[in-house]
There are 2 protein chains.
Amino acid sequence: MERIKRNDRLAALSKLLSASPNKLFTLSRFCDLFGAAKSTLSEDIDILCDVYKRFGLGKLDTVTGASGGVRYRPCMERGEAVAFLQELCKELETPNRLLPGGFLYLSDILSMPDIVRQMGVIIAGQFYDEAPDFVLTMETKGIPVALMTAQSMGVPLVIARRSSKVYEGSAVNINYVSGSAGHIETMSLSRRAVKEGQRCLIVDDFLKAGGTAKGMIDLMSEFNVEVVGTAFVMATAHNANRVIHGEKALMIMEEPAGGKLNIHPADWL
Amino acid sequence: MERIKRNDRLAALSKLLSASPNKLFTLSRFCDLFGAAKSTLSEDIDILCDVYKRFGLGKLDTVTGASGGVRYRPCMERGEAVAFLQELCKELETPNRLLPGGFLYLSDILSMPDIVRQMGVIIAGQFYDEAPDFVLTMETKGIPVALMTAQSMGVPLVIARRSSKVYEGSAVNINYVSGSAGHIETMSLSRRAVKEGQRCLIVDDFLKAGGTAKGMIDLMSEFNVEVVGTAFVMATAHNANRVIHGEKALMIMEEPAGGKLNIHPADWL
């Protein structure tokens, strides 16, 4: 095999690790790929760690021991996350986003790949230690950000549906009270979608009273799955009747006053 | 500013370019970031081009001229794409995926981030020259692969809904004939989601008779948007009644015979 220079190895390593977030690669795998010694690869990884740190590109996490290796975890520093969300809040406060009934037009933002990718990185960064086995969302608007969170964590996304579908096989259906509207809705999940004993991170777009989120938590208890966290793109402020607790929302929307929107990044950031 | 070594620049460049696919970066931007001369950065880019090519990591595309720069385009070589899809077909042919009514259980595959990312890369690779302004899908199952296609192309995703929602603002609704079931369905899209004169790539999960895809094409003509291509994760074989043409599907599903599934990568690959 042709000898590969350090420059080339570093560029390729950087691409390979960052393309598969949170996936543990053994050093041997890279040794085989590049035809290099373990000690050489160790030095490469050290250099990459420094570079990623210096340029705020995420974190390279080295796991020691027999089943050890190196993995790339996307993460965003606090300052960068707040700046990103502040800019987004400013954009979301433009008056023409306020719809009749006090609703906020968010759909464009929620399906821009680069924006939801960054949201996914921020959310994932809060939950690596909880080691969820999958991310759960309820169709439709939360799917992109939930998918990107799942990608950052290297786990599958699971999508709950509004009704059971012929192409989902046998399903578990639950009824829940939609918090804001107060009426009964149905939520459905294919029986084969998750396994008993797994750990779940719930990600959705908007939190008001929390009826849908509570529905997802109830649905997971039907599957004997533990919910290790709940995260939202946006939550309304001051919701005394909220039926869930301990959630992490990226942005907080104050009650619109005089037709003026007031949206800001959450305090925990 | 501290002098940054080539090793470090290459690792950081590799990460930055691959994190924002199809986005054109000017050399000056990198010169500022790394405090290096244009000639130095040009050499860096040349090295990266070679490395990406050698390891099959995608393509670095250099655009010359005043508005020029360099962009990263994810792509997968033919052999790699076929191998990836062949493995997927094998997995999809397991008998317990065949559901009552001849439906195929695909939902798990369609929301695994790494799998839909690769599908998105393959689809995007077919349409870079068509330069779509956005990717359109119809909720729900096609959203993840459509999002990843949009990410690879560096454009927004637009999601058509089954009915208009209060949080989408004023919307255009059309009726269409669901090809397989033969009944009338509704499709809705927020008026502000797309602009007249834009170019659209349609991406969805499953193509049978093509009623839904035809609906999306009709919807786009209501917005005076040109559809530059249609792509699907899976299409059924031998559908003489299909109402759309020229589609690219990644996998073809033959009529199940004797309860046995027969799925293979498409011929155009």
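Modeller: Two strands pair if DSSP finds at least two bridges between them. The model we apply this to is predicted.

Biologist: What makes strand 10 and strand 11 of chain A a pair?

Modeller: The cut-off is at least two bridges. Strand 10 (residues 226-236) and strand 11 (residues 248-257) of chain A are joined by five bridges. The count meets the cut-off, so the two strands of chain A pair. They run parallel. On the residue level, A:Ala231 stands opposite A:Lys248 of strand 11.

Biologist: How do you know which axis relates chain A and chain B?

Modeller: Chain A is laid on chain B by a turn of 180° and a shift of 0.0 Å along the axis. The RMSD is 0.0 Å. That is the relation of a two-fold axis.

Biologist: How do you know through which surface the copies meet?

Modeller: 100% of the interface residues of chain A are also interface residues in chain B, so the copies meet through the same surface. There, 45 residues of chain A are in contact with 45 residues of chain B. Helix 1 of chain A gives the most to the side that touches chain B, with nine residues. That side of chain A divides into 26 nonpolar, 11 polar and eight charged residues.

Biologist: What makes the angle between helix 3 of chain A and helix 1 of chain B worth a name, and which name is it?

Modeller: Their axes are 9 Å apart and the angle is about 65°. The range 65 to 115 degrees counts as roughly perpendicular. That makes helix 3 of chain A roughly perpendicular to helix 1 (residues 6-19) of chain B. The crossing is right-handed. A:Ile47, A:Leu48 and A:Val51 make the contact with B:Asn7, B:Asp8, B:Ala11 and B:Ala12.

Biologist: How would you class helix 2 of chain B against helix 3 of chain B?

Modeller: The axes of helix 2 (residues 27-34) and helix 3 (residues 38-54) of chain B come within 9 Å and cross at roughly 105°. That makes helix 2 of chain B roughly perpendicular to helix 3 of chain B. B:Leu27, B:Phe30 and B:Cys31 of helix 2 meet B:Lys38, B:Leu41 and B:Ser42 of helix 3.

Biologist: What makes the peptide bond from A:Glu139 to A:Thr140 stand out?

Modeller: Most peptide bonds are trans. The bond from A:Glu139 to A:Thr140 is cis, with omega near 10°. A:Thr140 lies in the loop between strand 5 and helix 6 of chain A. In chain B, the bond from B:Glu139 to B:Thr140 is cis, with omega near 15°.

Notes:
Residues numbered from 1 in each chain as written. Chains lettered and ligands numbered in written order. Predicted model: local features only at pLDDT ≥ 70, side-chain atom pairs only at ≥ 80, totals over all residues. Helix = DSSP H or I, 4+ residues; strand = E, 2+ residues; numbered from the N terminus. Contact = placed C-beta atoms within 7 Å. Nonpolar A, V, L, I, M, F, W, Y, C, P; charged D, E, K, R; others polar. Axes fitted to C-alpha atoms, helices over the stretch in contact; angles between N-to-C directions. Parallel < 35°, antiparallel > 145°, perpendicular 65-115°, else oblique. Least-squares fit on C-alpha atoms with pLDDT ≥ 70 in both. Left-handed = near helix turned anticlockwise from the far one by under 90°.
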